[in-house]
Amino acid sequence: MGRPRQFDESNLLDVAIEQFWSKGFDDTSVEDVSLVAGVGNGSIYAAYGSKRGLFLAAFARYCERRVTFVRDTVLAAPGSTRAAVLTLLHAIVEDCAAQPDRRGCLMINSVAALSIRIPEVADVGARTTAAMEHGVAERLARTAPEGDDSVTALSAHIILVSQGLIQLSRMGTPARRLHQIAEVSLAALPAAWADRVDGTRKANSH
């Protein structure tokens with residue numbers, strides 16, 4: 001049985017996320033995280049074994065939060081499926097614009113930079129993307145005809161668009177332009193059912 005952590009692990013991982021996200025894996029040291037978090041190097045190494053271990057723990061935490069963000073946003077959005085997807089894409093644009101120095105997404109950045117050196121990064125990234133697609137598919141399925149086989153592909157398309165918006169934001173594309181691209185991307189949704197208003201929320205309220 002492992003020894004209990006002698007520090008606030010939640011705070012430490014949040015600090016690690018910020019350091020790795022802002023500076024990148026190679027330019028972040030355990031000492032950087034230690035100084036900001038106020039946790040000794042020895043405690044960090046004892047808990048995670050290495051900088052790689054610390055990064056993977058922080059990376060997993062970040063990716064879990066991204067899944068929650070996507071899923072909660074799209075499932076809670078009222079109105080039609082099209083409106084819900086647009087709500088999600090607009091929320092992603094606003095989140096990107098709020099990031100310091102337009103730093104993009106830790107998951108996307110890390111998959112591009114580290115997946116060959118650290119294969120676990122690619123694995124976590126793939127699972128995260130699949131989980132986000134599943135959340136969007138759940139929302140699409142509320143109004144799609146039963147058995148519609150386009151839902152899975154459309155949900156993947158929406159997540160792909162969202163990741164493209166994040167990358168464009170990282171390159172400095174103005175938020176107004178990103179919102180326009182988000183709206184144009186909705187042309188892929190079938191009007192026959194995407195404009196139907198979701199009745200789940202109303203039905204569940206009784």
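How do the residues of the lining of the largest cavity divide into nonpolar, polar and charged? The tour below ends at that cavity.

The model is predicted, so local features need pLDDT of at least 70 and side-chain atom pairs pLDDT 80 or more, while totals for chains, interfaces and linings use all residues. Residues are numbered from 1 along each chain as its sequence is written, and side-chain values use heavy atoms, without hydrogens and water.

**Core.** Select Leu12, Leu54 and Leu140, which have the most contacts inside the largest nonpolar core, a set of 61 residues. Such a core joins buried Ala, Val, Leu, Ile, Met, Phe, Trp, Tyr and Cys through side-chain atoms within 4.5 Å, buried being under 20% relative accessible area with a 1.4 Å probe, protein chains only. Next, show helix H4 (residues 51–76), which gives this core its largest share, 11 residues; helices are DSSP runs (H or I, at least four residues), numbered from the N terminus.

**Cavity.** Now select Arg66, Val70, Ile92, Cys105, Met107, Ile108, Met132, Ser162, Gln163 and Ile166, which line the largest cavity. On a 1 Å grid over the protein atoms alone, a cavity is a set of points where a 1.4 Å probe fits but cannot get out, and lining residues have an atom within 4 Å of a point. Its volume, the space filled by probe spheres set on points joined across faces, edges and corners, is about 70 Å³. Helix H8 (151–170) gives the most to this lining, with three residues. The lining of the largest cavity divides into seven nonpolar, two polar and one charged, with Gly counted as polar and Cys as nonpolar.

Note on methods:
Buried means under 20% relative accessible area, exposed over 50%, partly exposed in between (1.4 Å probe, protein chains only). Helices (H or I, at least four residues) and strands (E, at least two) are DSSP runs, numbered from the N terminus. On a 1 Å grid over the protein atoms alone, a cavity is a set of points where a 1.4 Å probe fits but cannot get out, and a pocket is an open set with protein on both sides within 12 Å along at least five of seven lines; lining residues have an atom within 4 Å of a point.
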